[in-house]
Amino acid sequence: MKVVVLSGGVGGARFVQGVVDVIEPSDVTVVGNVGDDLEVLGLHVSPDLDSILYALAGVNDEQRGWGRADETWRALETARSLGGETWFQLGDLDLGLHLVRTQAMRAGERLSEVTRRVARALGIEAHVLPATDDPLRTWVRTPAGEFPFQEWFVARGHRDDVDAVRFEGETAARAAPGVLEAIAAADLLLVAPSNPYLSIGPILAVSEIREAFAARRAPVVAVSPLIGGRAVKGPADRMLARLAGGTSPADVASRYHGLIDALVVDEADADDLDGLGEVRPIVTRTLMADPEARRRLAEAALGAVPA
Ligand code: GDP
Ligand code: CA
């Protein structure tokens, strides 16, 4: 069985870890969000792709939830002492990847190529692809003004309510090489329990990817990032309440209108399944607290494929 997973950073990466526990990793293609990408200290950083790579390589920091385990911060301390930019935390181990990627991209390598190379070097068998090699950047409009994604999320601690999200570059963005081929060859398409606006939104803003999902041959199963109407972490619940008018499974499904066939929802949301329409609910426990829980959630989503 071949599977494609659309994924943001940390929530998506946890789910992808479960998927590769159940399915042959080489049959899994992860399509990652690049709307969060930024340049820090002259380096190209792809936070969501990196969360996926680190999780699949087993070198991610489970406690902190992002970045690498056993991280140290000496380069950042040096940058701080020299008056450099330090609002975005880059650890020493993490920096190594950003250096390699930045050099490769300056030499003309595409993001998808360098991601493939890094994944192989990390011993990852699943295919990890950026949604696009073209510049695609998320901006959020708030009552305090419009901000580039990371300035709002990290520098302002996502404290401002979001009135709108837009993706700079979306009109020109083409799917990265391999993405459409993987979607066409898949037996099942999955949408990870990532933020629908900030993580999956930028992926589906690439019109070739959205159209491939709309014209799907394989079923699409999304996993809700909410448990009991609350995000496990981050602003997904606040954004859904403000922008979609609620945090029910139907509100989550409305973000993927016409693009999904089933939605995995938590038991805590099972009494509120009205308004899903054609979207079939799959009720299970969705908290990915440990590898076993991640595997069970992946099995529930994968079980949706007709035999
Ligand atoms: P980011 O790019 O690092 O912000 O990560 P994602 O967008 O991929 O994931 C963030 C979302 O993951 C949040 O909305 C969380 O509610 C959701 N999430 C995190 N852990 C879990 C979990 O264990 N279960 C479920 N259902 N959602 C989760
Ligand atoms: Ca992200």
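Visitor: Which helix gives the most to the shell around ligand 1?

Guide: Helix H1, spanning residues 10–22, gives the most, contributing four residues to that shell. Please keep in mind that the model is predicted.

Visitor: And which residues come nearest to the ligand?

Guide: There are 20 residues around ligand 1, and those that come nearest are Ser-194, Ser-199, Pro-225, Thr-286 and Met-288.

Visitor: How does the shell divide into nonpolar, polar and charged residues?

Guide: The shell around ligand 1 has eight nonpolar residues, nine polar ones and three charged ones.

Visitor: What about the backbone? How far is Pro-225 from an oxygen atom of the ligand?

Guide: A polar backbone atom of Pro-225 lies 2.6 Å from an oxygen atom of ligand 1. For Val-10, a backbone N or O atom is 2.8 Å from a ligand oxygen atom, and for Gly-11 a polar backbone atom is 3.2 Å from one.

Visitor: How much of the ligand does the protein bury?

Guide: Ligand 1 exposes 590 Å² when taken alone, and the protein buries 90% of that area.

Visitor: Where does it sit, then?

Guide: Ligand 1 sits in the largest pocket.

Visitor: Changing topic: where is Glu-208?

Guide: Glu-208 belongs to helix H9, which covers residues 207–214.

Visitor: Which residues does Glu-208 touch?

Guide: Leaving aside residues up to four places away in sequence, Glu-208 touches Arg-174, Ala-175 and Leu-180. With Arg-174 there is a polar contact between the two side chains, at 2.7 Å.

Terms used
Residues numbered from 1 in each chain as written. Chains lettered and ligands numbered in written order. Predicted model: local features only at pLDDT ≥ 70, side-chain atom pairs only at ≥ 80, totals over all residues. Heavy atoms only, no water. Near = heavy atom within 4 Å. Polar contact = N/O pair within 3.5 Å; in protein donor to acceptor, adjacent residues only side chain to side chain. Areas by Shrake-Rupley, 256 points an atom, 1.4 Å probe, with all protein chains shown as cover. 1 Å grid on protein atoms, 1.4 Å probe; cavity = no way out; pocket = protein on both sides within 12 Å on 5 of 7 lines; lining within 4 Å. Sits in = over half its atoms within 2 Å of the grid points. Helix = DSSP H or I, 4+ residues; strand = E, 2+ residues; numbered from the N terminus. Nonpolar A, V, L, I, M, F, W, Y, C, P; charged D, E, K, R; others polar. Contact = heavy atoms within 4.5 Å.
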